[in-house]
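Please have the sequence and the 3D view at hand while reading.

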Amino acid sequence: VSIPGAPSSAWSKHWLLLAWGVPTLALVVRRRAGQHTASRKRMAHAAHATNLRQAYALLTASSSEAERRAANEWLVGFAKTAEAWGAAEELVRPSEAAEEVAFFAANLLYSKIKTEWHTLADAPRRQLRDALWSAACGRPSGGEGQPGPAARRLCLALAAAAARTEGLAEESTRLALSLAAAADAVQGGLAVELLGALANEVVAEEEATGAASPGRSGLRALAPAVLCALQALAPLSSSMCIGCLRALQAWLALNAGSSLASLYAGQGPLLAATLNALAAVNNEPLNLAAADALGELLTSTNSPLPASAPRGARDAAEAVAAQFGVLAREVRLAELLMSGEPADDRLFYFCRALCAFAERCVDLVAVTEGSLLPLVELLLLCAGGELRVAELSIDFWVGLQDTAVAQRHERLRAPLYRRLATLLLDKCTLPAEFTSWDEAAEDEEEFRRFREQSALEVLGACLSLLACEFVGQLQAMLQGSPPWQKLEAALFVLRGLHVQIKGALRGSAADGEGRPSAAAELQAALNQLLGFVFGQLAAWRPSGATLLVESAMRLVGAFAKWLQRDEALLRGCLRLVLEAVQAGGAPEHAAEAFRALCIHGRRRLASAAYLSELVGPCTALAGSAALASSVRLTLQEALARLVGAAPSPAEAEQLLHALVRAPCEQLAALLPHLPPSDGASVPPETAPRASDGSDGSRGSGGEASATVASTQGVEEAVATQLALIGAAIRFSDTIQVGGGGSCAAHPVFAVLSYCWPLLQDASRRGGPSVLQALLELHGRAMGCLGGGLAPLLPSILEQIGTTFCRRPVVGALECLTQAIELYGESHEAPLSDTLEKFVDAVCGWLASTAAPEAEPELLSAFFELCHRCLVFRPQLLLSLPCVASLFDAAAACVAHQEFQHTRAAITFLCLFLSGTDAANLYRESAAHCLQRSGGTLLRYCVQGLASASPANLVDHQIELLRVIAESAPTAVHGWLVAALA
């Protein structure tokens, strides 16, 4: 060989050796270097794996709490490192004998794949995927050849990786299908586990991303092949059948086009195996897997079965219904449900699948020519079973209503609903031996939910279809001397259907030609039933079972408007509910019923003699400390409605005095037990707090704790008495002082004057709850009297200002807002002074606090006050010397996180800068604030838009930017440049 520039022939062979030998030597060196590198990596992985195994052993087996805690902390930290990949990979190899260690490592890999798969490059991904598959195939199997726990977890890790890699889900599915083709128990079990895990992980990933990933259509196209593989493997063993059914459920959840009809036509044996698994004896996991798979198959996305379904879908539905009939006899459905014994798991899962199938094909059942009627009989058996089984059938009965009665099979009309009404009325009746929920076999929550949410919906259909016949069934339950449980059920059904009953009573009672119609007959039957029921209740002394009293009270409240037609019934029911409150059986429901009766019957009850007779026992109950404060307030408000309808102002004043006398006496006794406040202003976040969050300083020892607890109890009692006074005057705005009488002649003004010394004392002594109740009372007084409160307004404003400076509460801001709207023109000076106190207090707190968002409700109410002031009386706000501080405080809130008060601040600033017609005389104040702090405001606004504020504030901040640009067009460019610098 002649090589240009080479030495003479004596050196040729040495030249050739060099030319060929050096590259070869370099290749060998690189290979050996790679082998050394790989060897070092394996050694490092083995070392980390040893540490991981030891830490797991300490965590699970150490008797030392400190060692277990240290091991757990080390494992949590190590799991986040890159070394955890290799260490866990070492521990899942078939050489790892401890199954629990391999399972732990596989679970670690699964968690890391779900959170860190995107951090790996393609080569490490392929290497890890191959290692996982090799480990899954090599791990020992469990019972009946099924994969062990570690192998199942490895399949899940493989599926998680496949769901997050383009094309890998399809490739892994084909790999599992090739493994399933062997029809071997061990390999088939692994294939089924992987197929189920793949579908589950793909569904989870698509739900997390919000949409199906591109290319997943290829995966869904493999669904028929997967179903065929499952069909072939399911008969191998019971455990294999469970795995196949779970995988079937997972692939059905992919919504790959499978349906009852397609499964019946293409994989009939698999569908039959699924149905037969429902009746398998002593195999609860198999029963559950079958019920879950059928439930997924019968979802609306998989198996739509309208009345117009094609012939193939009808054939499938009829075949499955027939199979359910055979299986019902096999599981002894009728015998077990009618025995009254609780259904076991197998029977419950069977009923669940049966009802899901019936609900899906309810439109076909409704128009059946007879072939699907046996299915309805099975559903009636379920409706008569225990509550959890009966509830499964409700969707079918409700869905049946979507088909017009005239289009249904004749046996699915009135005959069916007679049987349904009997069954459900029985289900709504407590057992004869029932005394209390503590001793009952039924679960209270389950029983109430079934009656209120399920049974009533179907019973309403029974009333619509059976009309007078259903009313007669209810009437029959009340005749003679039935047990109280049956009485309670009848009262419950009447109350539960009260909207439908009242609608029927309001309907037309004549047909198109003026003749009495079926509606008139129904109205007569309903009125007769209600008259009988309330006639009995009006003479009843509430006693006995609490549930019976509760149902009676709720029924009275529901039909209070109907009762006002008969004054005797109305007064009898008033007596009943007051006695029920006093007896304490169901005081909350009784008080609500009393309020409803007072609302709807106030015109019939508004005679001075009857009101005087009623006020005595009612005020005694309202003042009873044994009743909850909510019950007492409800009674007081109900009486206040009657007082508002009193025949004359003089009688109203007399009644109002009777309502407030007891609370005032209680206040006079309670207030001396509250220490007077020092009047100092206390910022919200620095107010002294006890260790349990209560206000006030706490001394050492049990005596100081008891003192604090006692003070809190007194404050709560004082707040309740103030709320009772407020409730008494709440509806007195309807009282008209005739003959041009002065506002001071209004009954509310006289009552407030009577209470005034006590109210002033409460403002000096009260804590937050007392002050809030007092301020709500002032707000109600303003609403009732309007301008008539003018003589007391200066004193009220002084109370509000002192209260807010001493202890900021939201009620003070709301009360001042109301005062500005009502009295802004006539009492400008005192309102301006009070407003200035509020602005100084809040702005000073915002400027000094380290947590400006700690009081969002307070800030929202404050900026709402400022905004309303700009709308109604802008001169009050814009003429204040502290207006610049207010502008700076609002600007600082623009970039806050909390939505409500930030939006309130932005809304105030927009109106402050843009102005109104009434504010034109004070434009200089706004212009001065913008000139001085406009750049700061714009910077806060940009800061909020950039990152600080949530997305729902963006529109508000952009609107503020627009207002700033319009208000200062020449300066905004410089401010914006400075803000973005």
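## Basis of the report

The model is predicted, so that local features need pLDDT of at least 70 and side-chain atom pairs count only at pLDDT 80 or more, while totals for chains, interfaces and linings use all residues. Residues are numbered from 1 along each chain as its sequence is written, and side-chain values use heavy atoms, with hydrogens and water left out.

## Aromatic rings

The structure holds 16 aromatic pairs. Rings of Phe, Tyr and Trp (its six-membered ring) pair if their centres lie within 6.5 Å; planes under 30 degrees apart count as stacked, over 60 as edge-to-face and the rest as tilted. Helices (H or I, at least four residues) are DSSP runs, numbered from the N terminus. Trp-74 is partly exposed, at 35% relative accessible area, whereas Phe-78 is buried, at 8%. Here buried means under 20% relative accessible area, exposed over 50%, and partly exposed in between (1.4 Å probe, protein chains only).

A further pair is formed by Phe-863 and Phe-908: the centres are 6.2 Å apart and the planes lie at 35°, so the pair is tilted. Phe-863 is in helix α41 (residues 856-872) and Phe-908 in helix α44 (residues 899-914), so the pair ties together parts that are 45 residues apart in sequence. Phe-863 is buried, with a relative accessible area of 0%, and Phe-908 is buried at 0% as well. These two residues belong to one aromatic cluster, formed by Phe-862, Phe-863, Phe-887, Phe-908 and Phe-912.

Charged side chains also lie over rings; the rule asks for NZ of Lys or CZ of Arg within 6 Å of the ring centre and within 35 degrees of the ring normal. Arg-388 lies over the face of Phe-348, at 4.2 Å from the ring centre. Arg-939 is placed over the face of Tyr-940, at 5.1 Å from the ring centre.

## Salt bridges

A salt bridge is a side-chain nitrogen of Lys or Arg within 4 Å of a carboxyl oxygen of Asp or Glu, and the count comes to 39 salt bridges. One of them joins Arg-139 and Glu-99, whose closest N and O atoms are 2.9 Å apart. This pair links distant parts of the chain, 40 residues apart: Arg-139 is in the loop between α5 (122-138) and α6 (149-163), and Glu-99 is in helix α4 (residues 99-116). Both Arg-139 and Glu-99 are buried.

Glu-567 and Arg-571 form a salt bridge with closest N and O atoms 2.8 Å apart. Both lie in helix α30 (residues 567-583), four residues apart, about one turn of the helix. Glu-567 is partly exposed, at 29%, and Arg-571 is partly exposed, at 29%. In the salt bridge of Glu-637 with Arg-595, the closest N and O atoms are 3.1 Å apart. Glu-637 lies in helix α33 (residues 629-644) and Arg-595 in helix α31 (residues 587-605), so the pair ties together parts 42 residues apart in sequence. Glu-637 is buried, at 10%, while Arg-595 is partly exposed, at 21%.

## The largest pocket

On a 1 Å grid over the protein atoms alone, a pocket is an open set of points with protein on both sides within 12 Å along at least five of seven lines, and a cavity is a set where a 1.4 Å probe fits but cannot get out; lining residues have an atom within 4 Å of a point. Grid points are joined across faces, edges and corners, and a volume is the space filled by probe spheres set on the points.

The largest pocket has a volume of about 750 Å³. Its lining has 26 residues, of which Gly-385, Glu-386, Leu-387, Lys-427 and Glu-442 lie nearest its centre. The largest share of this lining, four residues, comes from α22.

## The cavities

The search of the whole structure finds three cavities of 30 Å³ or more. The largest cavity holds about 80 Å³ of space. Residues lining this cavity include Arg-448, Glu-452, Arg-495, Glu-550 and Arg-554. These five residues are also linked, together with Glu-444, in a network of salt bridges. Helix α28 gives the most to the lining of the largest cavity, with four residues.

Methods. Helix = DSSP H or I, 4+ residues; strand = E, 2+ residues; numbered from the N terminus.
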